[in-house]
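Colleague: I would like to go through the labels on this model one at a time. Please set each value against its cut-off.

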Amino acid sequence: MILQYAEALCATRRLVLASASPRRREILANLGLKFDVVVSTFDENLDKAQFSGGADYAKATATHKALEVATRLETEDRAAPFMVIGADTVVEAPDGSIMEKPKDAAEAMKMLLSLQGITHQVHTGVGVVFPNTSGGPLVVHSFSETTRVTFAPLEEAEMLAYIKTGEPFDKAGGYGIQGPAGAFVSSITGCYFNVMGFPVHRFTSKISDMIRDGTIKL
């Protein structure tokens with residue numbers, strides 16, 4: 001995967017994570033990658049009705065985040081090669097509704113009630129953007145990964161206790177699998193890290209493929 005390329009990748013270009021998420025920072029750092037964080041100013045206001053589902057919505061949002069940062073970097077320093085990584089995670093309920101971060105306790109409770117006792121999908125979209133070596137427009141590669149998560153039936157008291165921790169408010173769907181809400185999860189199918197906010201295996205496979213086929217030159 002990417003491990004054998006990590007040192008050369010970091011030496012030949014500036015890696016930039018277009019996200020303020022501490023979980024994504026931790027995941028990328030654990031891969032041995034050295035990177036800067038430049039938080040995207042993209043408004044994340046895409047019309048969900050224009051997308052076939054949560055996966056496409058997350059992929060488009062992630063790509064817009066990465067493009068916004070890449071455009072800024074290109075304006076600031078055209079000489080510096082870079083690779084910008086954007087990501088966006090959403091939860092999709094069985095009825096197709098797309099959940100992002102809850103605005104308040106009432107919305108967090110509504111999300112948890114809709115997820116308890118059922119299987120839902122967690123989608124993370126990733127956008128990777130870097131300069132075109134031929135001098136053309138920015139090169140964009142994007143993909144999404146989906147994990148199926150099943151919650152056990154939950155009691156109101158435990159949902160209220162979880163909301164009081166404050167943890168739901170910066171998590172898509174109102175929960176984080178890596179925290180106390182991990183106790184709600186009876187099973188998952190797919191990538192655990194995808195539920196945390198970044199699909200490690202899919203990302204490393206994609207980057208490795210682009211290095212091997214010459215799309216990313218080291």
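Predicted model: local features only at pLDDT ≥ 70, side-chain atom pairs only at ≥ 80, totals over all residues.

Colleague: How do you know that the span of helix 7 agrees with its number of residues?

Modeller: Helix 7 covers residues 200-212, which is 13 residues.

Colleague: Which residues of helix 7 are buried, and what do they pack against?

Modeller: Val200, Phe203, Thr204, Ser205, Ile207, Ser208, Met210 and Ile211 are buried. The buried residues of helix 7 pack against helix 1, helix 2 and helix 6, and also against strand 3, strand 5 and strand 6. Just after helix 7 comes Gly214, with a positive phi of about 90°.

Colleague: Why is the pair Asp170 and Arg23 called a salt bridge?

Modeller: The closest N and O atoms of Asp170 and Arg23 are 3.8 Å apart. The cut-off is 4 Å between a side-chain nitrogen of Lys or Arg and a carboxyl oxygen of Asp or Glu, so the pair counts. Its two partners are 147 residues apart: Asp170 lies in the loop between helix 5 and strand 7, and Arg23 lies in helix 2.

Colleague: How many salt bridges does a search of the whole structure find?

Modeller: The search finds nine. One of them joins Glu44 and Lys65, with the closest N and O atoms 3.5 Å apart. Glu44 is in the loop between strand 2 and helix 3, while Lys65 is in helix 3, 21 residues apart. Another joins Lys48 and Glu100, at 2.8 Å between the closest N and O atoms. That pair is 52 residues apart, with Lys48 in the loop between strand 2 and helix 3 and Glu100 in the loop between strand 4 and helix 4. Through shared partners, salt bridges also join Arg23, Asp170 and Lys171 into one network.

Colleague: How do you know whether Lys65, Glu44 and Lys48 are buried or partly exposed?

Modeller: Lys65 has a relative accessible area of 8%, under the 20% cut-off, so Lys65 is buried. Glu44 has 33%, and Lys48 has 31%. Both values fall between 20% and 50%, so Glu44 and Lys48 are partly exposed.

Colleague: What is the phi of Glu44?

Modeller: Phi of Glu44 is near 55°, a positive value in a residue other than glycine. Most residues other than glycine have a negative phi.

Colleague: Which residues have the most contacts inside the largest nonpolar core?

Modeller: They are Leu33, Met83, Phe151, Tyr175, Phe203 and Ile207, in a core of 48 residues. Leaving out residues up to four places away in sequence, Ile207 touches Ile2, Leu9, Met83, Val128 and Ile216. A second, separate core has eleven residues, among them Val38, Ala66, Leu73 and Val129.

Colleague: What is the volume of the largest pocket, and which residues lie nearest its centre?

Modeller: The volume is about 490 Å³. Of the 28 lining residues, Ser21, Arg23, Arg24, Lys101 and Asp170 lie nearest the centre. Helix 2, strand 3 and helix 6 are the elements that give two or more residues to the lining.

How values were computed: Residues numbered from 1 in each chain as written. Heavy atoms only, no water. Helix = DSSP H or I, 4+ residues; strand = E, 2+ residues; numbered from the N terminus. Expected span 1.5 Å × (residues − 1). Buried < 20%, exposed > 50% of the residue type's maximum accessible area, 1.4 Å probe, protein only. Contact = heavy atoms within 4.5 Å. Core = buried A, V, L, I, M, F, W, Y, C linked by side-chain atoms within 4.5 Å. 1 Å grid on protein atoms, 1.4 Å probe; cavity = no way out; pocket = protein on both sides within 12 Å on 5 of 7 lines; lining within 4 Å. Points joined across faces, edges and corners; volume = space filled by probe spheres on them.
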